[in-house]
Amino acid sequence: MGIVEEAHNLRVVGEGKRAVIVLAHGFGTDQSVWKHLVPHLVADYRVVLFDTMGAGPTNPDYFDFSRYATLEGYALDLLAILQELRVASCIYVGHSVSAVIGAIASISRPDLFSKLVLLSASPRYLNDVDYYGGFEQEDLDELFEAMGSNYKAWCSGFAPLCVGGDMESVAVQEFSRTLFNIRPDIALSVAQTIFQSDVRSLLPLVTVPCHIVQSTKDLAVPVVVSEYLHKHLGGDSIVEVMPSEGHLPQLSSPDIVIPVLLRHIQHDIAV
């Protein structure tokens, strides 16, 4: 087993010949977040699953705080994974921060990506002049303070807010589990990198076709952000806003989200 494969818990499932699909999870989760989608893909595709560095199942000794102080560190990891598996081209499905990571990776190697499916993506979480990201700096400072002072308590409050539901729901319990599994100092560092990021200037450089998929109610990403992406991406793009709630709709609303994702995976943008 190579170092890349071991570090990211790489798995390849499915024997399909149609294409290679790479599924990349967002903050606070791991590759298990795709459990409702994978069964629909394995007959027709080869499906690549992995854990981003810092996720609970990864070895914390591999987490380099300086490398992952920017999203480019994760983009380099993604390119290394594709190289390790000798993937010549893939359909990339990225959730939350991993949607942006895939977009960044595609700038230097557009040949590796036939399309990007961006679920709950945001190029910037902070509000700015003529831009609504959903958060003020004070909001983020309070979030970081809560994470640093009592991580377990923060998880218990953040999970239902993020997913959209109460602590009794299966989706909230699942997200709580994967959040709890992250080492607290790593979780705080990753959250700071994500929420303070601003990749708006890179969007025109993304030329790979992008399918932007967004929930109507998302604590982390306002609906207007999906339109901002559509307007500023450098290549063809399409937006679909789903009647789902929460930042992890593939967990909380699989009956709504899985058919939408499958449609965007299977069909290209009509020109």
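The paragraphs below go from the chain as a whole to two of its residues.

This is a predicted model, in which local features need pLDDT of at least 70 and side-chain atom pairs count only at pLDDT 80 or more, while totals for chains, interfaces and linings use all residues. Residues are numbered from 1 along each chain as its sequence is written, and side-chain values use heavy atoms, with hydrogens and water left out.

The chain holds ten helices and seven strands, where helices (H or I, at least four residues) and strands (E, at least two) are DSSP runs numbered from the N terminus. Its radius of gyration is 17 Å, close to the 18 Å that the globule rule gives for 271 residues, so the chain is as compact as a globular protein of that length; the radius is taken over C-alpha atoms, and the rule is 2.2 Å times the number of residues to the power 0.38. Along its principal axes, the C-alpha trace spans about 50 × 45 × 35 Å.

Of the 271 residues, 55% are buried, a word that here means under 20% relative accessible area, with exposed meaning over 50% and partly exposed lying in between (1.4 Å probe, protein chains only).
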